[in-house]
Amino acid sequence: MAHDNKYAYTIEGKMALPYQYFAGATSSKFIVALRDEKKILAVQGKQSGLTYVPPRQVCDRTFEHLEDNWVEVKDTGVVTNFTVIRYEEPYQPMKPPFVIALIKLDGADTPIAHLVSCDDVGDVAIGMRVKAVFAEEAVNTILEIQHFVAE
Amino acid sequence: MGKRVAICAVAQTKYESNKWQQRMQGLVWEVVKDVKEQVGLGFGPREIESSVTCSDDLFDARTISDNAITDVVGAHFQGEEKVAADGSQAVYYAVSQILSGHHDVVLLAGHCKESQGASRNQVTHLAFDPFFTRPIGLDYLAAAGLQARAYMAASGVTDEQLADVVVRSRQWAAKNPLANAQDAVTREDVMASPMVADPIREGHVYPVSDGAIAMILASEERAQELCDNPVWITGLGNCYDTFYLGERELEGNFSLSKAAERAYKMAGVTDPKAELDVVEIADQYAYQQAQVAEGLGLCGAGEGGAWLEAGGPDAQNVNRSGGMLAGNPLLMGGLARVAECVLQLQGEAGDRQVAGAKRAVAQGSTGPAGQLQTVVVLEN
């Protein structure tokens with residue numbers, strides 16, 4: 001729409017704030033293991049009986065501390081839900097169309113949100129078995145797993 | 001509730017996709033001036049004593065977004081509190097100020113301009129944490145895509161039914177002079193619209209919208225002086241679900257059921273299927289109309305598909321305003337629902353009036369895939 005500057009002068013702005021996000025001890029341990037050992041760690045609740053990925057310090061259901069109760073889960077799992085992203089935004093890690101899925105790793109109870117890379121997005125289905133592909137260069141986020149592919 | 005709180009006046013701007021000619025301050029003043037005139041009050045002791053505002057730093061692209069509007073909400077020299085969540089939460093906050101005995105008359109003013117950022121998705125993307133969820137490109141639309149797939153499978157909701165939800169929204173929006181998306185669409189139009197986050201189609205998504213809302217809330221004693229037709233807030237409830245999408249039952253209504261249970265208990269609603277005359281649902285995406293209907297107890301869990309098929313939205317007077325699908329910005333989605341309930345209970349809803357409406361419920365949500373849910377019961 002053409003803006004009439006009598007009513008609305010505009011300037012082009014951009015919000016940008018260089019910022020150092022802290023992962024905290026629990027998440028740091030998870031990311032370092034992912035980055036340096038290609039291992040996927042989880043925390044287990046003794047009371048809830050649940051194995052959580054991503055890990056957290058305290059269970060929000062039972063309030064028990066979890067940060068000393070680590071287990072390793074597999075780098076394979078099953079797609080429990082997915083969506084195909086068909087719109088473009090600058091923050092997206094892949095070129096649309098791409099798949100964001102919930103993936104229950106073998107040994108974990110809580111599905112993790114992640115990317116599934118495939119030749120045709122139509123191939124992705126609930127129940128599909130997938131395997132993690134680790135990043136070649138350190139990124140220090142969950143993208144230490146670059147994406148998942150069909151097992 | 002021990003004491004009673006009423007909404008005495010409501011004003012909304014016209015909702016539009018790009019209100020470029022108005023600054024946010026202008027939008028807010030338009031509605032604040034309107035409600036002040038309705039009740040004949042200025043700012044100060046025994047007048048409007050306090051303000052609750054609702055806005056978002058990222059949509060306004062300045063932090064402490066409320067400091068841009070303090071003058072137009074009368075906050076110079078008196079109190080103002082900001083809620084950076086859906087406006088239904090701001091109603092909760094204003095009610096608390098009155099029930100706590102701090103104030104008798106509170107102004108509520110909310111605004112959001114979705115049009116000014118490069119995209120709405122870029123704002124909602126930043127609701128995600130920087131280590132685990134933001135890197136994979138999540139935003140509210142992507143989260144809704146995941147929820148829609150889970151919900152549609154669990155409740156047997158079809159693509160045809162979602163199209164019909166949109167068709168019906170537009171039909172009612174045509175009777176709502178303030179609605180944004182008023183153009184008629186057909187089932188075929190919606191079903192031919194491209195997928196954006198499967199199974200969500202472009203036609204299922206609420207349009208980018210700008211708008212503002214103001215209300216005057218008052219204690220029982222003052223409400224009777226300020227207006228002839230106070231609408232009483234008889235029940236309120238809210239509840240947050242957990243953050244990670246993989247840990248929620250996305251197809252269910254964990255937080256909404258609890259919020260509704262709390263609000264209904266306070267209001268004495270025992271059978272929501274029979275005891276609500278008007279229902280307003282903040283359906284950002286078409287599937288949410290049925291999912292929220294389940295959460296509000298308009299039908300059983302898992303029955304959303306059957307409820308749509310049986311004409312539940314018409315039978316239970318759901319979203320005669322056109323709903324959020326007809327275009328309210330984020331933050332104003334739930335507040336616009338409260339506003340419509342007030343109009344209905346005052347008999348001021350024009351061509352969409354539910355005759356003899358006595359009790360209404362409004363729902364709003366904040367966060368990805370309806371993480372925080374707020375339910376407000378209103379009566380005349």
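User: How many Å separate the centres of domain 1 of chain B and domain 2 of chain B, taken over C-alpha atoms?

Analyst: The two centres lie 22 Å apart, taken over C-alpha atoms. Domain 1 of chain B covers 5-118 + 208-226 and domain 2 covers 234-379, with bounds that come from an automatic or database domain assignment. The contact between them takes 24 residues from domain 1 of chain B and 23 residues from domain 2 of chain B, where two residues are in contact if their C-beta atoms, placed from the backbone, lie within 7 Å. This is a predicted model, in which local features need pLDDT of at least 70 and side-chain atom pairs count only at pLDDT 80 or more, while totals for chains, interfaces and linings use all residues. Residues are numbered from 1 along each chain as its sequence is written, and chains are lettered from A and ligands numbered from 1 in the order in which they are written.

User: How should I read a sheet, and what is the order of the strands in the open sheet of nine strands in chain B?

Analyst: Strands of a sheet pair through backbone hydrogen bonds, either parallel or antiparallel. In chain B the order is β3-β2-β4-β7-β1-β8-β11-β10-β9, with mixed pairing; two strands pair if DSSP finds at least two bridges between them. The edge strands are β3 (79-83) and β9 (278-280) of chain B, each of which pairs on one side only.

User: Where does strand β4 (residues 105-113) of chain B stand, buried or exposed?

Analyst: In a regular strand the side chains alternate between the two faces of the sheet. For β4(B), nine of the nine residues are buried, so this strand is largely enclosed by the rest of the structure; a residue is buried if 20 or more other C-beta atoms lie within 10 Å of its own, exposed if 12 or fewer, and partly exposed in between. Both faces are covered, with B:V105, B:L107, B:A109, B:H111 and B:K113 on one side and B:V106, B:L108, B:G110 and B:C112 on the other. Five bridges join β4(B) to strand β2 (residues 50-54) of chain B, and these two run parallel, with B:S50 as the bridge partner of B:V106. With strand β7 (residues 210-219) of chain B, β4(B) pairs in the antiparallel sense over nine bridges, and there B:K113 stands opposite B:D210.

User: At what angle do helix α6 (residues 159-173) and helix α11 (residues 286-295) of chain B pack?

Analyst: Two packed helices are described by the angle between their axes and the distance between the axes. For α6(B) and α11(B) the angle is about 95° and the axes are 8 Å apart, with axes taken as lines fitted to C-alpha atoms, for helices over the stretch in contact, and angles running from 0 to 180 degrees between N-to-C directions. That makes α6(B) roughly perpendicular to α11(B), a term for 65 to 115 degrees, whereas angles under 35 degrees count as roughly parallel, over 145 as roughly antiparallel and the rest as oblique. B:L162, B:V165 and B:V166 in α6(B) meet B:A286, B:Y287 and B:Q289 in α11(B), and the residues of this contact divide into five nonpolar, one polar and no charged. In α11(B), 10 of the 10 residues are buried, so this helix is largely enclosed by the rest of the structure.

User: How many residues of chain B are in contact with chain A?

Analyst: There are 32 residues of chain B in contact with 33 residues of chain A. The elements α4 (120-125), α5 (140-155) and β5 (195-197) of chain B each supply at least two residues of this side of chain B, and α5(B) gives the most, with five residues.

Conventions. Helix = DSSP H or I, 4+ residues; strand = E, 2+ residues; numbered from the N terminus. Nonpolar A, V, L, I, M, F, W, Y, C, P; charged D, E, K, R; others polar.
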